[in-house]
Amino acid sequence: MFGFRKVVDRGRGVVEPTTRLIRPGLTGFKQFLMRGNIVDLAVAVVIGTAFTAVVKALVDNLLTPLIAAIGGKPDFAGLRFTIHHSVFRYGLFLNALVTFMIVAATVYFFVVLPIAKANDLRRRGHPQPEAEPAISDEARLLTEIRDLLAGAAPRPPSQGTEAGAVLAAE
């Protein structure tokens, strides 16, 4: 029985270091997946895909026929030309370009612009803090010298006293 225990213990010595290397890696990977940012990103991709499908249907079924009715061509997908038996379907590109422009305009006018306006309105209620006036190195040095000569604790330079005012008063 003693020999079997020795073989088992030797086997554990080989398995445990790799387990110690893999387990923290899997824990970190699990934490990465469960972070809020990656879940939000996954939701955004799914919603973006659905939004793209809706806009594509809008473009393909309503806007492209409307533009084609005005321009006289029933469908852009049929536009093409051939050079040496190679077919160039530029109509499909035009459909994709129109879809992209409408998606970009929709996102800008219905998402970006309202959020920017809301941020501006929110910032209007809270005034921006004024920055302290910048003090030159010479003025800061003179202030430190004044405070050392006066034996006082250093004061912030924004109190409005000149460098020699304390010494002249004494």
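# Exercises on a predicted model

His85 is exposed, with a relative accessible area of 82%. Here, buried means under 20% relative accessible area, exposed over 50%, and partly exposed in between, with a 1.4 Å probe and protein chains only.

Before you start: this is a predicted model, where local features need pLDDT of at least 70, side-chain atom pairs count only at pLDDT 80 or more, and totals for chains, interfaces and linings use all residues. Residues are numbered from 1 along each chain as its sequence is written, and side-chain values use heavy atoms, with hydrogens and water left out.

## Exercise 1: the overall layout

Work out how many helices and strands the protein has, and in which pattern they follow.

*Solution.* Start with the count: five helices and two strands. Helices (H or I, at least four residues) and strands (E, at least two) are DSSP runs, numbered from the N terminus. Then read along the sequence, and you get α-α-β-β-α-α-α. As for burial, 9% of the 170 residues count as buried.

## Exercise 2: the loop between the strands

Find the loop between E1 and E2, and say what phi does at His84 and His85.

*Solution.* First, place the strands: E1 covers 81–83 and E2 covers 86–88, with His84 in the loop between them. His85 belongs to the loop between E1 and E2 too. Next, check phi. For His84 the value is near 50 degrees, which is positive in a residue other than glycine. For His85, phi is near 65 degrees, again positive in a residue other than glycine. Finally, look at accessibility: His84 comes out exposed at 75%, and His85 is exposed at 82%.

## Exercise 3: the annotated spans

*Solution.* Now go span by span.

## Exercise 4: the nonpolar patch

List the residues of the nonpolar surface patch and find the helix that gives its largest share.

*Solution.* The patch is about 820 Å² and is made by Phe51, Val107, Tyr108, Phe109, Phe110, Val111, Val112, Leu113 and Ile115. Patches are built from residues with over 30% relative accessible area and no salt bridge; like charges are joined within 9 Å, and nonpolar side chains (Val, Leu, Ile, Met, Phe, Trp, Tyr) within 5 Å. The areas come from the Shrake-Rupley method with a 1.4 Å probe, and for residues only the protein chains shown count as cover. The largest share, eight residues, comes from H3; Ile115 is found in that helix.

## Exercise 5: salt bridges

Count the salt bridges and check how far apart the partners are.

*Solution.* A search of the whole structure turns up three. A salt bridge is a side-chain nitrogen of Lys or Arg within 4 Å of a carboxyl oxygen of Asp or Glu.

- Asp120 and Arg123 meet at 3.4 Å, N to O. They are three residues apart in H3 (residues 90–124), so about one helical turn separates them. Asp120 is partly exposed at 37%, and Arg123 is partly exposed at 47%.
- Asp137 and Arg140 meet at 3.1 Å, N to O. They are three residues apart in H4 (residues 137–150), so about one helical turn lies between them. Asp137 is exposed at 57%, whereas Arg140 is partly exposed at 37%.
- Asp147 and Arg146 meet at 3.1 Å, N to O. Asp147 is buried at 3%, and Arg146 is buried at 2%.

## Exercise 6: aromatic pairs

Count the aromatic pairs, then sort out the geometry of Phe81 with Phe88.

*Solution.* Rings of Phe, Tyr and Trp (its six-membered ring) pair if their centres lie within 6.5 Å; planes under 30 degrees apart count as stacked, over 60 as edge-to-face and the rest as tilted. By this rule there are three aromatic pairs. Phe81 and Phe88 sit 4.9 Å apart, centre to centre, with 15 degrees between the planes, and form a stacked pair. Tyr108 and Phe109 have centres 5.1 Å apart and planes at 80 degrees, so that pair is edge-to-face. To finish, note that Phe81, Phe88 and Tyr90 form one aromatic cluster.
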